[in-house]
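Here's a quick briefing on packing and charge pairing. Have a look at the model first, then read on.

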Amino acid sequence: MSAATGWGSWVALFFTVIAATPAHAGPELRLAPPLASPTPAARAHIAIIIDDLGEQHVAGLHAARLPGPVAMAFLPGAPYTRAQAALAHGRGKEVLLHLPLQPGGTARAHPASLTADAGPEQLREYFRVALESVPHAAGVNNHQGSLTTTREAPMGWLMREISLRPGLYFVDSRTTASSVAYRAARLHGIPSTERNVFLDTTRGEKAVRAAFHELIDKALRNERALAIGHPYAETFKVLEEELPQLMARYGVRLIAPSEMIARQAGLRGPYRQLRLSPALTLATSTTGPAAPAATSTMAR
């Protein structure tokens, strides 16, 4: 074989090997995955509690289907309380004991309301039975109580009972501007906050939407705000329309009451059985100006 012939054979062999080599056999160029878009920071936070649950079957189921961590407050001993509280808990919603207390004025009291002149032993037993009737309760807020919540003694006794059960928080529904309940809760080191807006003191979709926008405005001014609503068709309608677009439209995020309490105390995330010293809780600012007194007799 001549040198020319030998060289030609090697060239032919080289191109044959190249042609037969799969395209992926060489080193691959691996591109880094695109960076995930960061979750936008919320400009403010809101929490919402639906009160007066447990007495109506359909309304309770509707409340459990509301989007996001809308909390649900159940009346003790009501016919649907146990089943719907379990349902709410299973859906990741916080459950509260909606504790009936004596209203003021001419408002008709809930049949199970504790009167303002009840003694400490009566209050202790009343609270124990009420709490046991609401499974998965993470917190307590008052139903009516515009008389009882103005009395230092019963509020002190109630908060002592709550403080003996680590893991419970308290929300003052503020059915009267004269309520001392929130202050009593803080004095006992209970994780607590108070209502800033009632969504449906005035009935009707237009009024509820206006109250919802008031909630957003208060949250944007004060970083956070808490609203209480009731199981009304117009309240459900407004929440179902507004809540899915909170971040996109307002830059506001919906959180559970426990997380709002933690944020109010300067923490992040749910409070996880946070126990606050009276000095810390008294120094913690509330969510903006004091909430106005309710005007509806149902709320008092």
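Which residues have the most contacts inside the largest nonpolar core? They are Ile 46, Ile 48, Met 159 and Phe 212, in a core of 56 residues. A nonpolar core here is a set of buried Ala, Val, Leu, Ile, Met, Phe, Trp, Tyr and Cys residues joined through side-chain atoms within 4.5 Å, and buried means under 20% relative accessible area, exposed over 50%, partly exposed in between (1.4 Å probe, protein chains only).

This is a predicted model, where local features need pLDDT of at least 70 and side-chain atom pairs pLDDT 80 or more, while totals for chains, interfaces and linings use all residues. Residues are numbered from 1 along each chain as its sequence is written, and side-chain values use heavy atoms, leaving out hydrogens and water.

- A second, separate core has 13 residues, including Tyr 169 and Ile 255.
- Ile 48 is in contact (heavy atoms within 4.5 Å) with residues including Val 70, Phe 212 and Leu 254.

**Salt bridges**
- There are 17 of them, each a side-chain nitrogen of Lys or Arg within 4 Å of a carboxyl oxygen of Asp or Glu.
- Glu 205 and Arg 209 pair at 2.8 Å, N to O, and sit four residues apart in helix α7.
- Arg 249 bridges to Glu 242 at 3.8 Å; Glu 242 is buried at 1%, whereas Arg 249 is partly exposed at 49%.
- Both pairs belong to a network that also links Lys 237 and Glu 241.

How values were computed: Helix = DSSP H or I, 4+ residues; strand = E, 2+ residues; numbered from the N terminus. Lists of a residue's contacts leave out its neighbours within four places in sequence.
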